[in-house]
Amino acid sequence: MATTARPPAERVIAVRDLHVAFGANQVLRGFDLDLYRGENVMVLGKSGSGKSVLIKCIVRLLRPDAGRVEVLGQDVLALDQDQLDHLRVRIGFLFQSSALYDSMTVQENLEFPLRRHWLATARQETEALVDEVLDAVGLAHTRAMYPSELSGGMKRRIGLARTLILKPEIVLYDEPTTGLDPITGREIVELILKLQRQYNTSSIIISHDLNVAKLAANRIALLHEGRNRVEGSYADFLASDDPVVKEFFIFM
Ligand SMILES: Nc1ncnc2c1ncn2[C@@H]1O[C@H](COP(=O)(O)OP(=O)(O)O)[C@@H](O)[C@H]1O
Ligand SMILES: [Mg+2]
């Protein structure tokens, strides 16, 4: 189980007073969040509360109306495109929609981020990286297979391997277990925890999944009505008297 030690000192993400509205729909209304090196922070919130919007703001796929986003010491909203591209290589995303390419083998899917970022130097090095990440997710035997030959859980693992191949310092997971059966979901949670240790990544994990809260989150932040309503450990949340927190633990 994830421990709730005091967060290590180095802050890798700071989100401050973030505001995002779509017309009259005020989604984020002064959201704050910190991520420290080596920890997994889970952001919990109802469907439509703005969790994916938050993640998109962190990598500037979306520009907030107001607020500040700092990633690895850089002011994300002030970067030029070139600086932003360099920063993004250091951040892995695992979005719900980040599907594998059906016409490519597992190996080709894994090589894709390297090629896109011009990081594939020697052929040997590329193969070594593919071997390493396939091994890390326990799917060394699937190298020559096509996505259609893989189960949902295996695809999710390969998605994780593809995120890891760039050796990101930070990984942003958007609902990593959604759509999987509970047992497969739990395997993915355990894998996230293993990879955090193996690669010393810092992660923000967006989820509703109690297994994520219990097993993988060093800290949980509740996004409610556009703000970070409360933060704490899984034990803190279980013991909380806050009616909004309680609602989550009843209906999750
Ligand atoms: N590009 C967009 N244009 C208009 N509305 C959007 C856009 N992206 C998100 N929204 C709205 O913002 C709210 C939060 O969305 P989202 O962050 O996807 O929720 P979730 O917490 O389920 O991830 C929703 O009401 C959604 O309809
Ligand atoms: Mg979402």
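Predicted model: local features only at pLDDT ≥ 70, side-chain atom pairs only at ≥ 80, totals over all residues.
1. Overall make-up. The chain contains nine helices and 10 strands. Its C-alpha trace spans about 55 × 45 × 35 Å along the principal axes. A compact globule of 252 residues would have a radius of gyration near 18 Å, and the chain agrees, because its own value is 18 Å. Buried residues account for 37% of the 252 residues. Of the contacts between residues at least 6 apart in sequence, 68% join residues at least 24 apart.

2. The six-stranded sheet. Six strands form an open sheet with mixed pairing, in the order β6-β7-β8-β3-β9-β10. Its edge strands are β6 and β10, each of which pairs on one side only. On average, neighbouring strands in this sheet are turned by 20 degrees against each other, if direction is ignored.

3. Strand β7 and its neighbours. Look next at β7, residues 170-174: five of its five residues are buried, so the strand is largely enclosed by the rest of the structure. Both of its faces are covered, with I170, L172 and D174 buried on one side and V171 and Y173 buried on the other. Strand β6 (residues 91-94) pairs with β7 in the parallel sense over four bridges, and L94 has Y173 as its bridge partner in β7. Strand β8 (residues 202-206) also runs parallel to β7, joined to it by five bridges.

4. Strand β3 (residues 40-44) pairs with β9 in the parallel sense over four bridges, and V41 has R219 as its bridge partner in β9. Strand β10 (residues 227-232) runs antiparallel to β9, with five bridges between them; H224 has R227 as its bridge partner in β10. The two strands β9 and β10 form a hairpin with two residues between them, and E225 in the turn has a positive phi of about 50 degrees. That phi value at E225 deserves a look in your viewer.

5. The four-stranded sheet. A second open sheet to examine has four strands in the order β2-β1-β4-β5, with antiparallel pairing. Its edge strands are β2 (25-36) and β5 (74-75), and each pairs on one side only. Strand β4 (residues 66-71) meets β5 in the antiparallel sense over two bridges, with E70 standing opposite D75 in β5.

6. Helix α1. Helix α1 (residues 51-58) lies across strands of both sheets. In the four-stranded sheet, α1 lies across β1 (11-22), β2 and β4, and runs at about 120 degrees to β1. In the six-stranded sheet, α1 lies across β3, β7, β8 and β9, and runs at about 155 degrees to β7.8. Helix α5. The 13 residues of α5 (residues 152-164) should span 18 Å at 1.5 Å a residue, and the end C-alpha atoms are 19 Å apart, which agrees. Buried residues in α5 include R156, R157, I158, G159 and L160, and A161, R162, T163 and L164 are buried as well. Their cover includes β6, α3 (106-116), α4 (123-136), β7 and α6. Helix α5 lies across β6 and β7, running at about 165 degrees to β6.

Notes. Residues numbered from 1 in each chain as written. Chains lettered and ligands numbered in written order. Rg over C-alpha atoms; globule rule 2.2 N^0.38 Å. Buried ≥ 20, exposed ≤ 12 C-beta atoms within 10 Å, placed from the backbone. Contact = placed C-beta atoms within 7 Å. Pairing = 2+ DSSP bridges. Axes fitted to C-alpha atoms, helices over the stretch in contact; angles between N-to-C directions. Expected span 1.5 Å × (residues − 1).
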